[in-house]
Amino acid sequence: MQLYFAGPHGIRAVDRPTDRPLSPQQALDLLLEGPAPSAERERGLATQVPPMAGRLTATATDGAVDLYVPRAVGSGDLHVTAVTQLACRTAR
């Protein structure tokens with residue numbers, strides 16, 4: 001599975017091994033935990049997805065994933081890098 005974090009040169013994909021397929025919500029929850037303390041953080045990776053009042057949710061529908069973000073995305077309330085992280089993970 002791939003997660004997407006902010007790095008010194010833009011968004012970077014990180015491969016995380018899993019022993020089973022994950023639901024969109026499980027993958028989103030891993031993204032929200034941030035980069036792993038070891039190799040990922042040592043590579044300078046971080047997350048721009050801030051803590052939010054309310055729950056981010058990802059729900060699979062017929063051929064798509066619906067992502068609910070409890071913040072105004074288009075108003076500048078959420079950093080563009082955070083939106084990119086969420087969009088890349090959800091699309092993947």
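Let me start with R55, which sits in the loop between α2 and β3. Setting aside residues up to four places away in sequence, R55 touches Q25, D29, Y68 and P70. Contact means heavy atoms within 4.5 Å. From R55 to G10, 45 residues apart along the chain, the C-alpha separation is 26 Å.

A word on the source: this is a predicted model, where local features need pLDDT of at least 70 and side-chain atom pairs count only at pLDDT 80 or more, while totals for chains, interfaces and linings use all residues. Residues are numbered from 1 along each chain as its sequence is written, and side-chain values use heavy atoms, with hydrogens and water left out.

Next, helix α1. Which residues of α1 are buried? They are Q25, A27, L28 and L31. Buried means under 20% relative accessible area, exposed means over 50%, and partly exposed is in between, with a 1.4 Å probe and protein chains only. As background, an α-helix has 3.6 residues a turn, so residues three or four places apart point the same way. The cover over the buried residues of α1 includes β1 (2-7), β3 (57-61), β4 (64-68) and α3.

Now the packing of α1 on α3. The axes of α1, residues 24-33, and α3, residues 80-91, come within 10 Å and cross at roughly 150°. That makes the two helices, α1 and α3, roughly antiparallel. For the terms: axes are lines fitted to C-alpha atoms, for helices over the stretch in contact, and angles run from 0 to 180 degrees between N-to-C directions. Under 35 degrees counts as roughly parallel, over 145 as roughly antiparallel, 65 to 115 as roughly perpendicular, and the rest as oblique. The α1 and α3 crossing is right-handed, meaning that the near helix is turned clockwise from the far one by less than a right angle.

On the α1 side of this contact are A27, L28 and L31, and they meet Q85, L86 and R89 in α3. By type, the residues of the contact are four nonpolar, one polar and one charged. Nonpolar covers Ala, Val, Leu, Ile, Met, Phe, Trp, Tyr, Cys and Pro; charged covers Asp, Glu, Lys and Arg; the others, Gly among them, are polar.

Y4 counts as buried, at 11% relative accessibility. Beyond its neighbours within four places in sequence, Y4 is in contact with I11, R12, A13, L31, Q85, C88, R89 and R92. Y4 and A87 are 83 residues apart in sequence, yet 9.3 Å apart in space, C-alpha to C-alpha.

Also in α3 is V83. Is V83 buried or partly exposed? V83 is partly exposed, with a relative accessible area of 26%. Apart from neighbours within four places in sequence, V83 is in contact with V73 and L78. Its C-alpha lies 8.6 Å from that of Q48, 35 residues apart in sequence.

Back at α1, L32 belongs to that helix and is partly exposed, at 37% relative accessible area. L32 touches V49 and L56, not counting residues up to four places away in sequence. Just after α1, G34 takes a positive phi of about 85°.

Last, E40, in helix α2, residues 39-42. E40 is buried, with a relative accessible area of 7%. Leaving aside neighbours within four places in sequence, E40 is in contact with F5, V14, R16, P35 and L45.

Technical notes. Helix = DSSP H or I, 4+ residues; strand = E, 2+ residues; numbered from the N terminus.
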